[in-house]
Amino acid sequence: MCGIVGYIGPKDTLPILIEGLKRLEYRGYDSAGIALSSNGKILVRKKAGKVADLVADLKESNELPQAHLGMGHTRWATHGEPNDINAHPHVDCKGEIAVIHNGIIENYLAIKTRLKQRGHIFKSETDTEILAHLIEEIYKTKKDLFGAVRLALREVRGTYGLVVLSSREPDKFIAARMGSPLILGLGEGESFVAADAAAIIAHTRQVVYLNDGEVAEVTAHGFETKTIYDVSIDKAIEEITFDLSQIERGGYEHFMMKEIHEQPETIRNAMRGRLLVEEGNVRLGGLEHVRDKLLDARRFIIIGCGTSWHAGLVGEYMLEHIAKVPTEVEYASEFRYRSPVITNNDVVFLISQSGETADTLAALREAKAKGATVLGIVNVVGSSIPRETQGGVYVHAGPEIGVASTKAFTSQLTTLALITLMIAREKGMKKEEAVVLTRELDAIPGKVSQIFKNVEPIRALAREFRDSKNFLFLGRGANFPVALEGALKLKEISYIHAEGYPAAEMKHGPIALIDEKMPVVFVVPKDSIYEKVISNIQEVRARKGRIIAIANEDDHEINSMADYVIRVPRTYGFFGPILNVIPLQLLAYYMAVERGCNVDQPRNLAKSVTVE
Ligand code: AGP
């Protein structure tokens, strides 16, 4: 959610902070700020609005001195409205200790009350500010910042990615993590901290991922890590695998459009080294050690939020039909509070692009505590969910910057297809039968590229329906979740009210909405339930609904039934959602552009929802 970047080293810190904050803008935010340590002072500048507003403000205010230690923050308000005072960094009474924070301090009010009784004066409404004063209070006796921060965090309940500076110890910063992502970056005679590698990749590829409960003292020449309970920890230094250009928009106007067009490659990446086409088999290293658990499982439970939940629904169709595994799909936010009946014969898959979604993380911990085998299907390498699961599969979609998830969704579906095929073979599916499916899967990246060859009809639809107030998306079987996903994409970035429904459910109510103004998108590939969808199309036609059909290239029948037809190549039914969703991603994108919406940072949305 919030963005964090920090630096200590010989270079001028401010430009590094500003560049880092700009790279974190995609995370969604409402204010920004920096703190510089210079000449025994901590200088803080912060502003509601965009990083650009902060930069403009910095230019106007008197020149900031060169500094070799500093930190920056983009805020996503949780406690206290977005304004200059509530923006981070926050400082203690004397302005000697400054903090920036990503997360929520749940017991901040109790601590604030106690500190007020000790004479501390608070300026903001935030939970974060208590950290600066709590550390100040402890520092009065514990004259060591690293130690004082660890002591302070023993009193804190909640989540944090936290960075602390002190004007009394200008040769270091302290970084601590509980629940919110935080990484250290190591360079030649310089060090960095960030909530996300995007902020520092321009400077280093050597990173250290902090785990929950870990605190690091970082200088320009290295770092030391301890738990908040003083246990020293040896940390591995890892290599960032993606490069700066992947973060850049690559010539597209928006990250979302770049990511939509990356799908032939990202779907291929999800299969790379895993799909053994001519053997009709799949190898998933991250699941080998839980093979027996997978094969002996009483059931699979797939858990996620938003688009990841939709991927789970498609996975349910694949796993039950192809691998004959009883499968259930759960909203993480409901699962975590429903005291679900879970046993150690259950296998729980947590699907998450960011790997940081709070509800999904909590559902993981709930299932794990109840003895289930918890496995992840995640995109962001090194994020929290992979570190807390007992195994899993990275979907390898690369950094997804656009808030509206696209390539991560098709990579999640591809990964679910791989898991399904692996289990089906383990359960006795014949090689001949499997090779038919592995060849189909292998052909999908090429078929996605075909869709991009003719996007004009989709752009024309967006122009035609740009003033629509409502949209309905309908599908059957594994394409019902595709209808849900199409509706979500349109809602997210074009702000048009849209609903996805199983096509047969129409006559149980929603059909009342149908009139000549209602655009109805049908996902109607030529699969085993094609005829059923056709009769649903007839029901809508009879009520003058405007019918848009996502249909296969060789389907001529549909021309006489739909007002608009968008073509997708044909593939094996349960792999169809990987293709059928692409025109819906494009429709939402062109609609948002037509309506002048902020495609990459839609209002009210964050890329990674790290609070419940
Ligand atoms: C999808 O476009 C949205 N950004 C949102 O629904 C997202 O899928 C949801 O917040 C889950 O995020 P995750 O996959 O990172 O856990």
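Mentor: In this predicted model, the side chain of K172 makes a polar contact with the side chain of E217, at 3.5 Å.

Trainee: Where is K172 found relative to β7 and β8?

Mentor: K172 lies in the loop that links β7 (160-166) to β8 (173-178).

Trainee: Is K172 buried or exposed?

Mentor: Buried means under 20% relative accessible area. K172 has 11% relative accessibility, so K172 counts as buried.

Trainee: Which residues does K172 touch, leaving aside those up to four places away in sequence?

Mentor: The residues touched are I8, L69, L165, E217, V218 and T219.

Trainee: How far apart are K172 and Y572 in sequence and in space?

Mentor: They are separated by 400 residues in sequence and, C-alpha to C-alpha, by 57 Å in space.

Trainee: Now the strands. How many bridges join β9 to β11?

Mentor: Two strands pair if there are at least two bridges between them. Strand β9 (residues 183-187) and strand β11 (residues 206-209) are joined by 4 bridges and run antiparallel. Within this pair, Q206 of β11 stands opposite L186.

Trainee: Which residue is the bridge partner of Q206 in β15?

Mentor: E239 is that partner. Strand β15 (residues 238-239) runs antiparallel to β11, with 2 bridges joining them. Q206 therefore has L186 opposite and E239 as its partner in β15, given that pairing takes at least two bridges.

Trainee: What do side chains do along a regular strand?

Mentor: They alternate between the two faces of the sheet.

Technical notes:
Residues are numbered from 1 along each chain as its sequence is written. This is a predicted model: local features need pLDDT of at least 70, side-chain atom pairs count only at pLDDT 80 or more; totals for chains, interfaces and linings use all residues. Side-chain values use heavy atoms; hydrogens and water are left out. Buried means under 20% relative accessible area, exposed over 50%, partly exposed in between (1.4 Å probe, protein chains only). Contact means heavy atoms within 4.5 Å. A polar contact is a pair of N or O atoms within 3.5 Å; within protein, one must be able to donate a hydrogen and the other to accept it, and residues adjacent in sequence count only if both atoms are side-chain atoms.
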